[in-house]
Amino acid sequence: MSGMDQKIPMQGSMHDVYSPPATSKEGLASRPLDPLSLEIEDDELVRIIDRRIRQSRDFYKNEFDLYNRRLTNEIYYFGRQMIEKDKAHLMKDYESRFHDNVLYEIEATLKPLAMSRLPDLIVTPGNNSEESKLLAQELSKVVDTQIKERENRRVLGMAFKHRSVYFTGVIKVRWDPERDDYVFECIHPDMIDVDNTCPTNNADDMEFVSQLIPSTIKEVIMRFPKAKEEFIQELQTVGIKPGDGQDWENMATKIRYREIWFTWYKKAPKLSEDDKDKWERVEGVMWKYQRCILGKMKNPNFDYEGEDRFFK
């Protein structure tokens, strides 16, 4: 049969136009996840945390190849193409090792443009009273001025540069007892693990946010004195024995421990037998080093003296 006589199957039929992905079907979106709770035993809580972080990393690795893409962007952004090729023995002896890093120069021009157009932050009043409006105006001036301070603009600029290379910019606010004030810090995205099931980039909507914190052994013991014995026992599993030999050398050793902020739900006590179940959303934070829980508590930045809000 000649080519003109062959029957060509019809393209674009109703069954071939669109095939929904597996994620749009009913059923389990992932393996069953364990709840995070301050009431869980320490060993079980550590296991759950490690499992959730591992699942998050597997998701971003398999679905988006995030970590390899970050590494590739980093190589090109800092102009290390020639260095990486030379390390892999892919360059001839006569080839030049010089590279004009145009990408770095282009990105450098975007930062001042972004920082020069910061939006004004305005606090809205809670009601229409004159006192509330006056308070909102005063808070707007304070908050807007603080955000645009030189130090905070530097933090914003660093997060903006991280976004183009690592696809994410992270700014953390914390209370600094030495300054007796809040401070803003830019955290490297590689130090952060987030809830991969959250549909937004708002940290308040995520079930957990984990940060790796570089620190010395001495600083960890100073910050978490109640967990000193358990922490030293965990260090001994990796060959570090504070108190033996040159103690100052062991105390100055750099390690990384985790700070995890998470959300869980607590059942409120019933006032009578006829009451329906009521639940309270609780924000918690914990710190751990491998299998050792350094500390755990409710969110210390939340006002617990206000009115309780429950839902059915």
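Which helix does Y76 lie in? I looked this up at the outset and found Y76 in helix α2, which covers residues 66-77. I note that the model I am reading is predicted.

**Entry: overall composition**

I recorded nine helices and seven strands as the secondary structure of the protein. Of its 312 residues, 29% are buried. I then looked up the accessible surface, which comes to about 23,100 Å², with 53% of that belonging to carbon and sulfur atoms. For contacts between residues at least 6 apart in sequence, I noted that 57% join residues at least 24 apart.

**Entry: the nonpolar patch**

I returned to Y76 and checked its surroundings on the surface. Y76 forms a nonpolar patch there with V102, L103 and I106. Together these residues have about 370 Å² of accessible area. Helix α4, residues 102-115, gives the most to the patch, with three residues. I classed Y76 as partly exposed because its relative accessibility is 44%.

**Entry: helix α1**

I next examined helix α1, which runs over residues 42-64.

I listed the buried residues of α1 as L45, V46, I48, I49, R51, R52, I53, Q55 and S56. I noted that two arginines, R51 and R52, stand in this list. The cover over the buried residues of α1 includes β3 (192-194), β4 (208-216), β5 (254-267), β6 (279-289) and β7 (292-298). After α1 comes D65, and I recorded a positive phi for D65, near 50°.

**Entry: salt bridges**

As background, side chains of opposite charge can pair when their charged atoms come close.

I took K296 and D42 as one case: their side chains meet in a salt bridge, with 2.9 Å from N to O. This pair links distant parts of the chain, with K296 in strand β7 and D42 in helix α1, 254 residues apart. K296 is partly exposed, since its relative accessible area is 32%. D42 is also classed as partly exposed, at 33% relative accessibility.

My next case was E44 with R47, a salt bridge in which the closest N and O atoms are 2.5 Å apart. Why are E44 and R47 separated by about one helical turn? The reason is that they are three residues apart in helix α1. In general, an α-helix has 3.6 residues a turn, so residues three or four places apart point the same way. I found E44 partly exposed at 34% relative accessibility, and R47 partly exposed at 34% relative accessibility.

I then turned to E283 and R281, whose side chains meet in a salt bridge at 2.8 Å, N to O. E283 counts as partly exposed because its relative accessibility is 26%. R281 counts as partly exposed at 41%. I also recorded a network in which salt bridges that share partners join D50, K288 and R291.

**Entry: the hairpin of β1 and β2**

How do strands β1 and β2 run, parallel or antiparallel? I found them antiparallel, with seven bridges joining β1 (residues 170-176) to β2 (residues 181-187). Four residues lie between the strands of this hairpin, and D180 takes a positive phi near 60°.

I followed W175, which is found in strand β1, and saw that W175 stands opposite Y182 in β2. Leaving out residues up to four places away in sequence, W175 touches D180, D181 and Y182. I classed W175 as partly exposed, since its relative accessibility is 40%. I also checked W175 against N301: the two are 126 residues apart in sequence, and their C-alpha atoms are 8.7 Å apart in space.

**Entry: T216**

Is T216 buried or exposed? I found T216 buried, because its relative accessibility is 13% and the buried class takes values under 20%. T216 has its place in strand β4. Not counting residues up to four places away in sequence, I listed the contacts of T216 as M251, A252, T253 and K254.

Methods: Residues are numbered from 1 along each chain as its sequence is written. This is a predicted model: local features need pLDDT of at least 70, side-chain atom pairs count only at pLDDT 80 or more; totals for chains, interfaces and linings use all residues. Side-chain values use heavy atoms; hydrogens and water are left out. Patches are made of residues with over 30% relative accessible area and no salt bridge: like charges are joined within 9 Å, nonpolar side chains (Val, Leu, Ile, Met, Phe, Trp, Tyr) within 5 Å. Accessible areas come from the Shrake-Rupley method with a 1.4 Å probe; for residues, only the protein chains shown count as cover. A salt bridge is a side-chain nitrogen of Lys or Arg within 4 Å of a carboxyl oxygen of Asp or Glu. Buried means under 20% relative accessible area, exposed over 50%, partly exposed in between (1.4 Å probe, protein chains only). Two strands pair if DSSP finds at least two bridges between them. The expected span of a helix is 1.5 Å times one less than its number of residues. Contact means heavy atoms within 4.5 Å.
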